[in-house]
Amino acid sequence: MPAYTAPYGLYDPSTEHDACGMGFVAHIKGQKSRGIVEQALEVLARMSHRAACGSDPETGDGAGILLQLPYRFFNKKGLELGMDIPTARQGYAVGMVFLPSDSTDRAACERVLEEAVTGEGQRVLGWRDVPVEPQHTGRVAREVLPVIRQLFVGRRRLVPSAFERKLYVIRKLAENRIRERGLDPLGRFHLASLSAETIVYKGLLLPRQLPRFYKDLQDAELVSALCLVHSRFSTNTFPTWDLAQPFRYIAHNPEIY
């Protein structure tokens with residue numbers, strides 16, 4: 001949806017103000033645990049007063065969590081799907097990808113993303129369908145619900161820091177090509193994160209809905225030493241799946257995207 005700069009219906013831009021809520025939980029010695037994730041989700045739930053909803057009281061402006069990539073969890077999930085999962089030393093990344101519901105548009109977007117990976121000399125390991133529970137979203141959120149999948153990318157001939165930079169290039173190439181070729185007419189494609197260090201689970205959700213919607217967030221093997229959570233109160237932009245926060249690397253209240 002567009003952000004209006006002039007009054008539109010009952011909307012008056014002069015009344016806009018910041019109202020989001022965010023929280024951060026970390027183990028000071030970097031020890032990963034399930035407890036850190038659960039504490040962060042509790043922080044998020046306690047920020048419900050900082051979240052907003054519209055005419056549909058079960059559709060929020062957005063909520064999300066950023067955490068360290070839980071390798072043990074993804075090792076298991078990848079192996080279950082028959083992927084050739086690299087060793088910890090070789091490394092791999094996981095992308096959280098929002099995709100169009102139309103199968104033709106979705107396949108085209110996936111193809112462009114895979115081509116960006118291989119074109120930059122990295123390896124496509126496979127795709128995983130993210131298990132979600134749509135009944136834990138509001139009606140409006142369900143109407144625009146993207147297909148959510150995770151792309152596993154193997155690192156080739158790069159040190160970890162260079163791999164992280166390469167993943168940024170891959171993301172930007174895919175986003176630009178999909179936009180330029182008109183492959184996503186409804187604007188459903190979005191890379192919530194693509195990293196070998198962190199991953200973002202987010203959506204057009206209320207704070208309490210996030211761990212109910214994403215079954216992964218209920219798994220005991222999903223651990224982290226740090227978590228960043230964000231509850232969105234939309235001010236100068238309208239609520240959408242892609243504008244839910246945290247962002248890929250940093251979260252902040254001003255809604256500059």
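Biologist: In which helix is Tyr 168 found?

Modeller: In this predicted model, Tyr 168 is found in helix 5, which covers residues 160–180.

Biologist: Is Tyr 168 buried, partly exposed or exposed?

Modeller: Buried means under 20% relative accessible area, exposed means over 50%, and partly exposed is in between. Tyr 168 has a relative accessible area of 41%, so it is partly exposed.

Biologist: Which residues make a nonpolar surface patch with Tyr 168?

Modeller: Val 169 and Tyr 249 do; with Tyr 168 they make a patch of about 290 Å².

Biologist: Next, helix 3. How do I read the span of a helix?

Modeller: Compare the distance between its end C-alpha atoms with the expected value. Helix 3 runs over residues 103–119, which is 17 residues, and reaches 24 Å from its first C-alpha to its last. That is close to the 24 Å expected at 1.5 Å a residue.

Biologist: Which residues of helix 3 are buried?

Modeller: Among them are Arg 106, Cys 109, Glu 110, Leu 113 and Val 117. The cover over the buried residues of helix 3 includes strand 3 (92–99), strand 4 (123–129), strand 5 (147–154), helix 5 and strand 6 (190–195).

Biologist: What caps the N-terminal end of helix 3?

Modeller: Asp 102 does, with a side-chain oxygen 3.1 Å from the backbone nitrogen of Thr 104. After helix 3 comes Gly 121, whose phi is positive, near 80°.

Biologist: What is the phi of Arg 157?

Modeller: Phi of Arg 157 is near 55°, a positive value in a residue other than glycine. Arg 157 is found in the loop between strand 5 and helix 5. Its relative accessible area is 68%, so Arg 157 is exposed.

Biologist: Is the peptide bond from Gln 245 to Pro 246 cis or trans?

Modeller: The bond is cis, with omega near 15°. Pro 246 is found in the segment after strand 8 (226–231).

Biologist: Now the charged side chains. How many salt bridges does a search of the whole structure find?

Modeller: The search finds 13 salt bridges. A pair counts when a side-chain nitrogen of Lys or Arg is within 4 Å of a carboxyl oxygen of Asp or Glu. One of the pairs is Arg 34 with Glu 38, at 3.3 Å from N to O.

Biologist: Where do Arg 34 and Glu 38 lie?

Modeller: Both lie in helix 1 (residues 34–45), four residues apart, about one turn of the helix. Arg 34 is buried, because its relative accessible area is 16%. Glu 38, at 45%, is partly exposed.

Biologist: How far apart are N and O in the salt bridge of Arg 46 and Glu 42?

Modeller: The distance is 2.6 Å. Arg 46 counts as exposed at 62% relative accessibility, whereas Glu 42 is partly exposed at 38%.

Biologist: Which residue forms a salt bridge with Arg 208?

Modeller: Glu 58 does, with the closest N and O atoms 3.0 Å apart. This pair links distant parts of the chain, 150 residues apart. Arg 208 is in the loop between strand 7 (198–203) and helix 6 (210–213), and Glu 58 is in the loop between helix 1 and strand 2 (63–68). Arg 208 is partly exposed at 34%, and Glu 58 counts as partly exposed at 33%.

Biologist: Which residues do salt bridges with shared partners join into one network?

Modeller: Glu 110, Asp 129 and Arg 149 are joined in that way. Glu 110 is also one of the buried residues of helix 3.

Definitions and conventions. Residues numbered from 1 in each chain as written. Predicted model: local features only at pLDDT ≥ 70, side-chain atom pairs only at ≥ 80, totals over all residues. Heavy atoms only, no water. Patch = residues over 30% accessible without salt bridge, like charges linked within 9 Å, V, L, I, M, F, W, Y side chains within 5 Å. Areas by Shrake-Rupley, 256 points an atom, 1.4 Å probe, with all protein chains shown as cover. Helix = DSSP H or I, 4+ residues; strand = E, 2+ residues; numbered from the N terminus. Buried < 20%, exposed > 50% of the residue type's maximum accessible area, 1.4 Å probe, protein only. Expected span 1.5 Å × (residues − 1). Contact = heavy atoms within 4.5 Å. Polar contact = N/O pair within 3.5 Å; in protein donor to acceptor, adjacent residues only side chain to side chain.
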